[in-house]
Amino acid sequence: MVAPAKSRRNRLLWLLAGAALVALVWPFDNRVDTALDVTHKPYWHAVAWWCSKIGEGWVVGAAGIILAGIFFFASRPRLAGNIFFIALTSELTGLAALILRVLSGRTRPSNHDVPQGFYGLWHDGHWIVGKYQFSAFPSGHAATAVGLAAAAWLIHRGWGAVAAVYALAVMWSRLALQCHHLSDVVASAVLAIPLALLLKKFLAPSVEFQFGNLHRAWKKGKPTV
């Protein structure tokens, strides 16, 4: 009973600390938006565009499946399973952010048609669910990238360090392209890290076990020369 109580307390502390962090950076949103804006700087806009592109869920998913497949057929099922788990965690953290941003309806920095704010699901007599201009909080790209980095860190510290650089590049790109506010990407990190920890506990063992089973079945059915 002690362990579950401690786990609940840790989650509550993380939630409170995360909410406090988002509140602390909130007043700096406009200042950071302006300082990092590269929309009128062609070279840096191109760099930011590519950094943003590699943070898209389909890119992470495709890379994870391809790499997991390569190592699976190279008889490295455990490594393949770890890679698949990292990619799957990234997709799930990105999905969680996507659901929340649909509900929040926060305006993007580039949206100048209405005052900046949170509009929920309905505005000016129209549904705004899924509208790009009202999908800022939290950042799906940032949650995808931070989820990947957190999962990679939990599997292997070296992988995590490299993935952290990737996550920072994606987060910067979303700010630089005026797609998100600073508080949006910070909130994504606050969301993604505990989700990655939870998935490592409950999902990673199952993924590793299933990859091991699949590999044994594949080897068993593989014709001998």
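Of the 225 residues of the chain, what percentage count as buried? The share is 42%, where buried means under 20% relative accessible area, as judged with a 1.4 Å probe and protein chains only. Before going further, please keep in mind that this is a predicted model, in which local features need pLDDT of at least 70, side-chain atom pairs count only at pLDDT 80 or more, and totals for chains, interfaces and linings use all residues. Residues are numbered from 1 along each chain as its sequence is written, and side-chain values use heavy atoms, with hydrogens and water left out.

Let us start with the overall layout. The chain holds nine helices and two strands; these are DSSP runs numbered from the N terminus, with helices being H or I of at least four residues and strands E of at least two. The C-alpha trace spans about 70 × 50 × 35 Å along its principal axes. If you take contacts (heavy atoms within 4.5 Å) between residues at least 6 apart in sequence, 74% of them join residues at least 24 apart.

Now look at helix α4 (residues 57–73) and helix α5 (residues 77–104), whose axes lie 8 Å apart and pack at an angle of about 170°. Axes here are lines fitted to C-alpha atoms, for helices over the stretch in contact, and angles run from 0 to 180 degrees between N-to-C directions. The angle makes α4 roughly antiparallel to α5, a label for angles over 145 degrees. Residues including G57, G61 and G64 in α4 meet residues of α5, among them P77, A80 and A87.

A second pair to find is helix α3 (residues 42–53) with helix α7 (residues 157–176), whose axes come within 8 Å and cross at roughly 125°. The contact is made by W44, V47, A48, C51 and S52 of α3 and A169, V170, W172, S173, R174 and A176 of α7. These residues divide into eight nonpolar, two polar and one charged.

The whole structure has zero disulfides, a disulfide being a pair of cysteine sulfur atoms within 2.5 Å. For C51, the nearest cysteine sulfur is that of C179, 13 Å away. C51 is buried, with a relative accessible area of 16%, and C179 is buried too, at 6%.

Methods
Nonpolar A, V, L, I, M, F, W, Y, C, P; charged D, E, K, R; others polar. Buried < 20%, exposed > 50% of the residue type's maximum accessible area, 1.4 Å probe, protein only. Parallel < 35°, antiparallel > 145°, perpendicular 65-115°, else oblique.
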